[in-house]
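Here's a quick look at charged side chains and where they pair up. Have the sequence and the model open while you read.

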Amino acid sequence: MKILDRYILKSFLVPFIATFLIVLFVLVMQLLWQAFENIAGKGVSIGFILKFLYYTTLMIIPQALPIGVLLSSIMAMGNLGENYEFAAAKSAGVSLQRLVRPIAILAILLSIANFFFLNNVFPYAKLKQANLYLNIKMKKPAMSLIPGSFNADIPGYQIKFDEKYGEEENLLKNVLIYDLRGGRGNQKVITAEKGKVLSEEGSRYITLVLNNGNFYEEHVKSARTPAKRSKMAASSATFEEYEFNIDVGDIFDDGKLDSINSTGSPMMFRLEELKDTVPKLKNTYDEDMQLRAYNIFASTDAKELIQIPDSLQNKKLSKVLLDNFGLEEKIMILNASVAKTNRLLSTITNNTEILKFKRKVLNLYETEYYNRVALSLSCVILFFIGAPLGSIVRKGGFGMPMILAIAVYVTYHFSNTFGKGLAENSSITAFLGSWISAIIMIPIAILLTNRATKDKGIFNIDTFLQPITGFFKKFIPSKKQ
């Protein structure tokens, strides 16, 4: 390796390591602070908190790496320009392309490393971190219950209450509980003025103690007609204190917080697994849509709308169909039409919401598949923005490069988030949503590289003013000598 290459790499690596570690620390602390409420005060040892922090760090590295490349490339090229080292290199016949070649090769290698990290380490870290977070959250279920909304964190139950209080925040006020263990819906309902959630370290049972409440349970599984529903056997009772245990099963895997209990996020899959999963979800979605469309077609009796040959038509019939019936028949026909139309509208509305949800799940998997590759290339794209930008502004240090890096990365991150959001809502394709940030930033990188190679500024005001001044000079006579 030549001395010049070593010097350029050193100029890049020193700020890169520093900026990468700083950005990594800031992003990890941000996520840790967001999760702190659900971790603190749950009796979890410092070892498990450090493990949670470790998995979070592994997840943040692919996001921090492009920021480090962008900022360090601006700083390195800015320092070279500010110290007139660019001018010295050009006077010696060394072009800008030759100067940045070792850093460009390093950026490509970092991009490849980022791809393997995203495809192998990131899914593993996401899986472990999500399950560790879930298990920590379930360590003390009372801490994860949220007032004012239904909580499904305790298996087999939906719990709602108005207020949570007490030193351990395990006392509940105005409790409403739906028992869903039988898989029959909300046929078992418990209400109480007060409640208390008790759990012991490592126990597979959670105890709920309710005071001053009512108990109601329907004993018939289902009834289709109103007459049968009115005769359904049910039982109800009031109580001053009602205590029951909830078996949380093996959710802790014999008390281990790092057990795997959830694998349902697309971010937990590798590219090969996403590639196999997306076609299955697509086929399931298409089959479901076809089945629902057929059910709507069948419920409208569309097959009975048979065209009658002209030779069999009664010429005396009115073209207005209702005019061919009596008053009572008209009323019956209209009532039946309104009832059937309302049923169809309700069915279509329900089908639309269900299909939207399933389509969004499919879009999440497709977007994650394409985003893995797009995000891995961000190191190269942001390098070819940062390097020419640093050579143009010719400012080193953390001041100007930090401002430029923030502006560029915010644009990149916002366009990527915006594109993913549009893709998840089916406004654009998953491919376009994942690559829209690259589509925006690549032309900017080409423009900046071109202007830096020609030793021009970002904007040349003469380029815009010269055509305007030339236009007016045609109409203004020149002064005679």
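## Arg-270 and Glu-272

Start with Arg-270: its relative accessibility is 34%, so it counts as partly exposed. Keep in mind that this is a predicted model. Glu-272 gets the partly exposed label too, with a relative accessibility of 42%.

These two side chains meet each other in a salt bridge, with an N to O distance of 3.8 Å. The model holds 5 salt bridges, and a couple of others are worth a look.

## A link between two helices

Which residue does Asp-288 pair with in a salt bridge? The partner is Lys-358, and the closest N and O atoms sit 2.5 Å apart. Asp-288 belongs to helix α7 (residues 271-299) while Lys-358 belongs to helix α8 (residues 327-376), so this pair ties together parts that are 70 residues apart in sequence.

Are the two ends buried or exposed? Asp-288 is buried, at 12% relative accessible area, whereas Lys-358 is partly exposed at 33%.

## A pair inside helix α8

As for solvent, both Arg-372 and Glu-368 are buried. In general, side chains of opposite charge can pair when their charged atoms come close.

Key. Residues numbered from 1 in each chain as written. Predicted model: local features only at pLDDT ≥ 70, side-chain atom pairs only at ≥ 80, totals over all residues. Heavy atoms only, no water. Salt bridge = Lys/Arg side-chain N within 4 Å of Asp/Glu carboxyl O. Buried < 20%, exposed > 50% of the residue type's maximum accessible area, 1.4 Å probe, protein only. Helix = DSSP H or I, 4+ residues; strand = E, 2+ residues; numbered from the N terminus.
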